[in-house]
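Hi there,

Here is the structure I promised to pass on. Please open it alongside this email and follow along as you read.

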Amino acid sequence: MGDRSLTVDGYCTLGVDREYDLTESVLLEDMDCAGVDYAVIAPPDRYLAVRNREGNESILRAAHLHRDRFIAACSVNPWDGENAVQEFNRALSQGARMLVLHPLVQGFSANDELAFPLLDLAASQQVPVYVHTGPPGNSTPWQIADIAQCFPSLAIIMGHCGATDFWNDVPDAAAAAPNIYLESSLARPFHFARYMAAVGKQKGIIGSWAPLNNLPFEWDQMRKFLPPEVFLDTSGKNLLELLAKRGPL
Amino acid sequence: MIVDCHTHWGKVWDDRDGGNPAQWLSILDGHGVDKAVFMGHTNFTRMDLCSQENDRLARTAAHCPNRLIPVGSCWPQLGDQGVAEARHCIEDLGMKGLKFHPWVQGFSTADPVLGSICRLAGDAGVPIFFHDGTPCYSLSEQIAGLARRFPRTRFVLAHAGLLWNWRSALLATRLDNIWICLCGPHARAMELLCSRADPQRILWGSDFGFGLADQIEYRLNLFLKTRIPRSLQDRILGTNAIDFLGLAQ
C-alpha cells in the first residue's frame, strides 16, 4: 500500500436512494475505466441523517466483499450523542477507516461542540474525518479551520473545498492549520488546480463523489488540469498516508 | 447549434485584450459553441462604473453581433438612475436581457426599485438572469418570489440552484415564467432537473470568462456525459435558447 502509483478516489457514495444510484458493480466498472485502484465508499444521505447503523453495515459489507478495491467510511449523527460514539466505535472495530460528517444533512454546524466527542474519538483512533463543506452557514472552510485547530492531531478533510460559494476562503482557511486536507469533488478541476498551487500538493485529495458526478470523467479532467506532479500526490499518495496512520489497509 | 447562456466578459480579458473578443471567442470555437449570452463583470462589482461598463460590453459584443448576445446590469440602490440604466440597456443598447447578482451587488430582491426594473423588463419582453443558489440575497426561492410578483416577466435562475439549492430551483420551475440554466449543479442534479422540469425551459451555461481558464471544456462535457437523452441535450444546448432569446438560427 506504500506504492506511490496507487490511485484512490477520496469519496464515493455507494447505494441506491433518492439521487444516489451507485451499485458495487457499476462503481468497480467505473474505477477500472478510470484507472482507479481504490475508492472510499460512504452511505447515502438518508443513512447519514438517520439509520446510521444500517448504512454503516451496508458499506462495511461491501468493503469486506471487495477489500482490494473499497475503503469503508462510516457515519453517525452527532445528535445521537453517546449512541453515536458507540456506533462509531463499533464501525471502527468492523473495519471503517474514515468518519464522514455532513452538517447540512445531519443538522448541525460544522464547528459545533456537539460533534467534539466524535472528533475526540477519531483523533485517538487516528481516523481521518471527512466533512462535507459548501452549504452556506453550517459548513464552510473557516468552520473547518476552527475544528482543525481544536483537534490538531486529527486529519480533517474539507470535502468539496467549500464549493460553490466559499472558494474565496479556501486558501487562507486551508493554511490556518496543517491538519486540513482539501478534497476535490464539486470544486471542479480548474479551481482545484488553483488551490493546490496556493496551499501545496501535499494537501490535496482527488475525489469524484460518484454517482453525483461521473467518476471516469472527473478523473479524466483531473489528469488534464493538474500538473503531473500534483496529480501523482493527490490521486492517492496523500490519502493513503492518512489512512496508514491507523495501520495497513 | 450550441448557445452558452452564461458567460462573462471578465475584467482580465478586457484588461488584456482591450475590448477585442477574438481570443475569448477562440475558446468557444474550440468547443463548437456558436453563440453566448455575454454578461459583464465590473458592472456587478462597481456601481460607479456600471453604466460605462454596459456601454463597453455592448461595444465589445458588436465585434461579433451574430455570436455575442450582450446582457447588461444596473443597481437598484441608485433609485431612478438605476431604472434609467435598465431602460438604456434595453432601448438604446438593444440588449436582450438584464443580469443581476444580488449577493455581489448587495441588494435584496425585496428592493422596490428592483420591482420597477422587473416591471420594465416584463413590459419590454426582456428576460432577467439572476445569480441563484446563494444566501442571503440570491436564493432560488427569492428569485421565484419575484416571479410570483411579476408574472409577465421571464426570470432565469442562472445557476439552477448551484450545488446545494438545486431542489429549490426545481420547485421554482412550477412557475411558468421561470427558466433554469444548467450552470453549477452536479451531473446527477442535471439529470434529475431535466427529467422533472419543463424541457422547454431549460438552458445550459458554462460561466466561462471571469478568469482566463477554459471552463467550457469541463462544463460542456459534464453535461454531455450525463444520461440526459441526446434529443433533449440538443434542445437544451440550442433550440431552447434560440427560442427564449428570440435569436436567428
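First, some housekeeping. This is a predicted model, in which local features need pLDDT of at least 70 and side-chain atom pairs count only at pLDDT 80 or more, while totals for chains, interfaces and linings use all residues. Residues are numbered from 1 along each chain as its sequence is written, and chains are lettered from A and ligands numbered from 1 in the order in which they are written.

**The sheet of chain A**

In chain A, 8 strands form an open sheet with parallel pairing, in the order E1-E4-E5-E6-E7-E8-E9-E10. Helices (H or I, at least four residues) and strands (E, at least two) are DSSP runs, numbered from the N terminus, and two strands pair if DSSP finds at least two bridges between them. Strand E1 (8-13) and strand E10 (204-205) of chain A are the edge strands, each pairing on one side only.

Have a look at strand E6 (residues 98-101) of chain A. A:Met98 and A:Val100 point one way from this strand, A:Leu99 and A:Leu101 point the other way, and all are buried. Here a residue is buried if 20 or more other C-beta atoms lie within 10 Å of its own, exposed if 12 or fewer, and partly exposed in between, with C-beta atoms placed from the backbone. In a regular strand the side chains alternate between the two faces of the sheet.

Strand E5 (residues 70-75) of chain A pairs with E6(A) in the parallel sense over 3 bridges. A:Ser75 has A:Val100 as its bridge partner in E6(A), and A:Cys74 stands opposite A:Leu99. Together with helix H4 (residues 81-93) of chain A, E5(A) and E6(A) make a right-handed β-α-β unit; right-handed means that, with the strands pointing away from the viewer, the path from the first strand over the helix to the second runs clockwise. E6(A) also runs parallel to strand E7 (residues 129-132) of chain A, joined to it by 3 bridges, and A:Leu101 has A:Val131 as its bridge partner there.

**A helix to look at**

In helix H6 (residues 116-124) of chain A, the residues A:Leu118, A:Leu119, A:Leu121 and A:Ala122 are buried. They cover an arc of only 160° around the axis, which puts them on the same side of H6(A); the arc is that of the directions from the helix axis to the C-beta atoms. Their cover includes H4, E6, E7 and helix H7 (141-150) of chain A. After H6(A) comes A:Gln126, with a positive phi near 55°.

**Chain B**

Strand E7 (residues 178-182) of chain B has 5 of its 5 residues buried, so it is largely enclosed by the rest of the structure. B:Ile178, B:Ile180 and B:Leu182 point one way, and B:Trp179 and B:Cys181 the other. E7(B) pairs in the parallel sense over 3 bridges with strand E6 (residues 155-157) of chain B, and likewise over 3 bridges with strand E8 (residues 202-204) of chain B.

**Where the chains meet**

The contact takes 18 residues from chain A and 16 residues from chain B, where two residues are in contact if their C-beta atoms, placed from the backbone, lie within 7 Å. On the chain A side, helix H9 (189-199) and helix H10 (215-225) are the elements that give two or more residues.

Best wishes
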